[in-house]
Amino acid sequence: MNYGNIKKNDIADGPGVRVSLFVSGCRHHCKGCFNAETWDFGFGQPFTDETAEEILDALKPDYIQGFTALGGEPFEPENQPVVTALMKKIREHYPDKDIWCYTGYLYDVDLIPGGRVFTDVTQEMLSYIDVLVDGEFIEAEKDISLQFRGSRNQRIIHLHQQ
């Protein structure tokens, strides 16, 4: 898996100050996407063990509330194994920090057994996520007054309470 960026002091993609990973690869190609360069699975640089350690180190300070995975598309089948392994490490090292994930796929349609992108690690990945923001960005439903969402169709789903 490749990634486009790591933000170590992100305040836009979840509550508090967060560490955010922007993975590469996305098949949604939403019109008006703020991060279209990440559609390409080859964009950015390879995610390595050193990248995971960099993220774990960035999460150390007490003022960091949690981690956010977005992209690109964390739930593309090619990305799920790496993102799942990273979330597992985060959960082990920082059980009190929350994990958010953004996906254009629908939780109750695409991420269930038989769903479009359901894989052998999807349920494990979901088990680490406290809050899932789902649904494609739809430019016609863009609303800048929404917190942590770009368009009205997107949902904030609390999978686990921290």
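## Exercises: salt bridges and a helix pair

E54 is partly exposed, with a relative accessible area of 30%. The model is predicted.

**Exercise 1.** Find the salt-bridge partner of E54, and state what the pair ties together.

*Solution.* 
- Step 1. Check the distance. The closest N and O atoms of K8 and E54 are 2.9 Å apart. The cut-off is 4 Å, so this pair is a salt bridge.
- Step 2. K8 sits in strand β1 (residues 2-10) and E54 in helix α1, so the bridge ties together parts 46 residues apart in sequence.

**Exercise 2.** Are D98 and R18 buried or exposed? Say also where they lie.

*Solution.* 
- Step 1. Confirm the bridge. The side chains of D98 and R18 meet with N to O at 2.8 Å.
- Step 2. Locate the ends. D98 belongs to strand β5 (residues 98-102) and R18 to strand β2 (residues 17-23), so the pair links parts 80 residues apart in sequence.
- Step 3. Apply the cut-off. Buried means under 20% relative accessible area. D98 has 9%, so D98 is buried. R18 has 0%, so R18 is buried.

**Exercise 3.** Classify the two ends of the salt bridge between D134 and R155.

*Solution.* 
- Step 1. Note the distance: 2.5 Å, N to O.
- Step 2. Place the residues. D134 is in strand β6 (residues 131-134) and R155 in strand β7 (residues 155-158), so parts 21 residues apart in sequence are tied together.
- Step 3. Classify. D134 is buried, with 0% relative accessible area. R155 is partly exposed, at 32%.
- Step 4. Widen the view. Shared partners join R27, E76 and E78 into one salt-bridge network. The count of salt bridges comes to 10.

**Exercise 4.** Describe how helix α1 and helix α2 cross, and which residues make the contact.

*Solution.* 
- Step 1. Two packed helices are described by the angle between their axes and the distance between the axes.
- Step 2. Read them off. The axes of α1 (residues 49-58) and α2 (residues 80-93) come within 11 Å and cross at roughly 35°.
- Step 3. The crossing of α1 past α2 is right-handed.
- Step 4. List the contact. From α1 come A52, I55 and L56; from α2 come L86, K89, I90 and H93.
- Step 5. Sort these residues. Five are nonpolar, one is polar and one is charged.

Notes: Residues numbered from 1 in each chain as written. Predicted model: local features only at pLDDT ≥ 70, side-chain atom pairs only at ≥ 80, totals over all residues. Heavy atoms only, no water. Axes fitted to C-alpha atoms, helices over the stretch in contact; angles between N-to-C directions. Helix = DSSP H or I, 4+ residues; strand = E, 2+ residues; numbered from the N terminus. Left-handed = near helix turned anticlockwise from the far one by under 90°. Contact = heavy atoms within 4.5 Å. Nonpolar A, V, L, I, M, F, W, Y, C, P; charged D, E, K, R; others polar. Buried < 20%, exposed > 50% of the residue type's maximum accessible area, 1.4 Å probe, protein only.
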